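Me: I would like to learn how to read a few features of a structure. Please take them one by one.

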Amino acid sequence: MKKRLRNLQKKIASFRKQREYLVFQGIVLFIALLATVAIGIMPAQYELEEGEISPETIYASRTVIDQEATSLARAEAAEQVEDVYLYDAAVEKKVVNQVTALLTYLLETEVPSPQEPQPGEETQEEENQGETQENQLQDMAAQLLADFPEVGDEKKALALLAIPKEDVQHTLDLTTSTIHTNIKQGKGIKPEEVEPSLQNIKTDLLQAQISPLLRDLVIARLDEHYQHTRIYSPEETAAQRRRARDQVEDIVILKGAKIIDKGEAVTAAHLSQLRALGMLETSFAYGYYMGLTVLILCVFSAWGYYLYRYRPEILAVPSRIWIIGIIVILTLWAAKIFGGMLFEAGSIYLIPAAMATLLLTIIFDVNLSLIFGITLSLVIAVTAGSDINVLVMTLIGSIAGAYSVTKVNQRSDLTRAGLLVSAANAVGIIGLTLISNGLALTETSVQRTLVDLAMGVASGIISSIIAIGLLPFLESSFGITTSVRLLELANPNQKPLKRLLLEAPGTYNHSLMVGNLAEAAAEAVGADPVLCRVGSYYHDLGKLTRPYFFIENQFQGYNPHDKLPPSLSSMILTAHVRSGVELARQYKLPPVIIDIIEQHHGTTLIGFFYHRAMAERGNKDQLLEDRFRYEGPKPQFKEAGIIMLADSVEAAVRSLSQPNQFRIEGMVDKIVRDKLADGQLDQCDLTLRDLNKISQAFVKVFAGIYHKRIAYPTEKDLAKVSL
């Protein structure tokens, strides 16, 4: 059974190193995130039918758009738009021309005027002229009948030709104006308006003082040629109906709005609203949850891209992905619990959104914290019903939380961070209140604002408390080391430090001095000063095994190495690194402290015993040099390199008989150059500029220790002065 468990553990460990494990993490965290957001959004469902009596008063569980009611309202608006007919002026002109064509013809036709004979003076010539005029009239009548068959016969044609031009012109003007008037003065008429309009024109003509013959012919032509002048436009009709639909705003059901009272009869409108809210047992808001999935996928993809593009070192460590995922999900659950999304009690201003950025900044850094905090605020706002106030307050709290813990040097900083978040929340609430209510203060608004302010202040405090409570669990579960954990390790009451103080006091004081040097250097080059200080306290923990074999713990001039061969002395010195690693694991120190213990000497040569051995052997042996070097590895990160330099510099400067600024500067520069030339700093991120700043920081610290002091006067000197 144990063998199977070991094999399973090996397979799991192997799987964690593969790229597929990262995909597995992503899928698990995405499902967990989506489920966390979705839980609590699903409202209570009711089984109701139209006409049934509601068993209870039902309120809207969230703010949604009633798509069904909105669609009906838009359809009604479109139906109210009449068919669009476009006026065609050419048709009106054509109608006028066709109806008045006969009148125009009569006006343009020159009818010969018959000359009346004088009594008793008729001659043959005059008789011939009369016959000619009669023939001309007959020809003109025939032509009129040919052009206008509706005239009927020659007699009517001759009668028309005999009508005076003034009467024809009057009839033409009257007919034209009547047609224009009834065609709505250029606006036109629709097909269904043709018959009423035609009857109006006929009535006007019948009542007018015009020739009956002309009137009858005009009316006949009206019956034949009068038509509508507005043409139906399907394109314009569709466009106006579309505009009418677009002008209808979405019908929104606000969260908390009453849908139906207890004992009220259920109507189709009630069912429509419940269906839109997903509160009917027969309905499910597929579209809403699909949209929610897409939104979460977008946010999740943005997180993944940020880590892949800018923070690949986090993706390389699976435990860090789990930490981020757990913090995000726990923050969402806290938002649901305190924000009233799961229970009736709660307030949107009580949402502890800052807990995520507090934890992420302490564990990682402020940049990552801001990216996740801002996007997480969007998710919380959507979860809370897309409330803009939730978005604003969670953004304010998250940003304030991220910047409030950029430097945590003592425990009280976490409490201070919670108060800063509370203050930022209070300012944000005041701003939102002024935006919504202005300066119109009432007793109710003041009370509501005070309650909101109390909730906002409590949110910051709760965020800080939860962050402080979760931090130890995250540290122990995932083996991470935060500044808070380092501050705990810096407490002199820690058992390893108490042992150093009692069993190896020289090493303890040496470690304190190295801590001062390393902290100053770290601040100069932008490294972690807290890690440098705490790592320095524990870097020589292995000397507890044989404390008196190290010169700082030797008293009264006794040195056990004087009686030991150089090779054995070298083995004892190098063994303190291995012993330190074992003790660190025994005391459950963080992995980063163990790395510092293991790397603080790198592969440095133990020069004193090496040269002593060389003197005894009388020649140089390369293999011998390897036996007198520490096992390493060399420093792998800035803080380990700084502690290596601080350790060497502190021991070297202490060995100076008369330390002054010039000697200290020379010794510091020599140590740094030697480490660089020996390749001990090749694998950490320290640059030449960093090394120069580190040297200056060391010298500055030593200057404060080895400064020149004045000699205090003795009693004899004072007596001489008094005389």
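Me: Which helix gives the largest share of the nonpolar patch?
Reply: Helix 20 (residues 443-478) does, with 3 residues. Helices (H or I, at least four residues) and strands (E, at least two) are DSSP runs, numbered from the N terminus. This is a predicted model, where local features need pLDDT of at least 70 and side-chain atom pairs pLDDT 80 or more, while totals for chains, interfaces and linings use all residues. Residues are numbered from 1 along each chain as its sequence is written, and side-chain values use heavy atoms, leaving out hydrogens and water.

Me: Which residues make the nonpolar surface patch?
Reply: Patches take residues with over 30% relative accessible area and no salt bridge; like charges are joined within 9 Å, nonpolar side chains (Val, Leu, Ile, Met, Phe, Trp, Tyr) within 5 Å. A salt bridge is a side-chain nitrogen of Lys or Arg within 4 Å of a carboxyl oxygen of Asp or Glu. Areas come from the Shrake-Rupley method with a 1.4 Å probe; for residues, only the protein chains shown count as cover. Here Leu419, Val457, Ile461 and Ile465 make a patch of about 350 Å². Leu419 lies in helix 19 (residues 412-437).

Me: Why does Leu419 count as exposed?
Reply: Buried means under 20% relative accessible area, exposed over 50%, partly exposed in between (1.4 Å probe, protein chains only). Leu419 has 52% relative accessibility, so it counts as exposed.

Me: At what angle do helix 25 and helix 26 pack?
Reply: Axes are lines fitted to C-alpha atoms, for helices over the stretch in contact; angles run from 0 to 180 degrees between N-to-C directions. Helix 25 (residues 566-586) and helix 26 (residues 591-599) pack at about 170°, axes 8 Å apart. That makes the pair roughly antiparallel. Contact means heavy atoms within 4.5 Å. Among the residues making it are Val577 and Gly580 of helix 25 and Ile594 of helix 26.

Me: What is the phi of Lys588?
Reply: Most residues other than glycine have a negative phi, and most peptide bonds are trans. Lys588 has a positive phi of about 55°, although not a glycine. Lys588 sits in the loop between helix 25 and helix 26. Lys588 is exposed, at 69% relative accessible area.

Me: Which residues does a cis peptide bond join?
Reply: Gly632 and Pro633, with omega about 5°. Pro633 lies in the loop between helix 28 (622-627) and helix 29 (638-654).

Key
Parallel < 35°, antiparallel > 145°, perpendicular 65-115°, else oblique.
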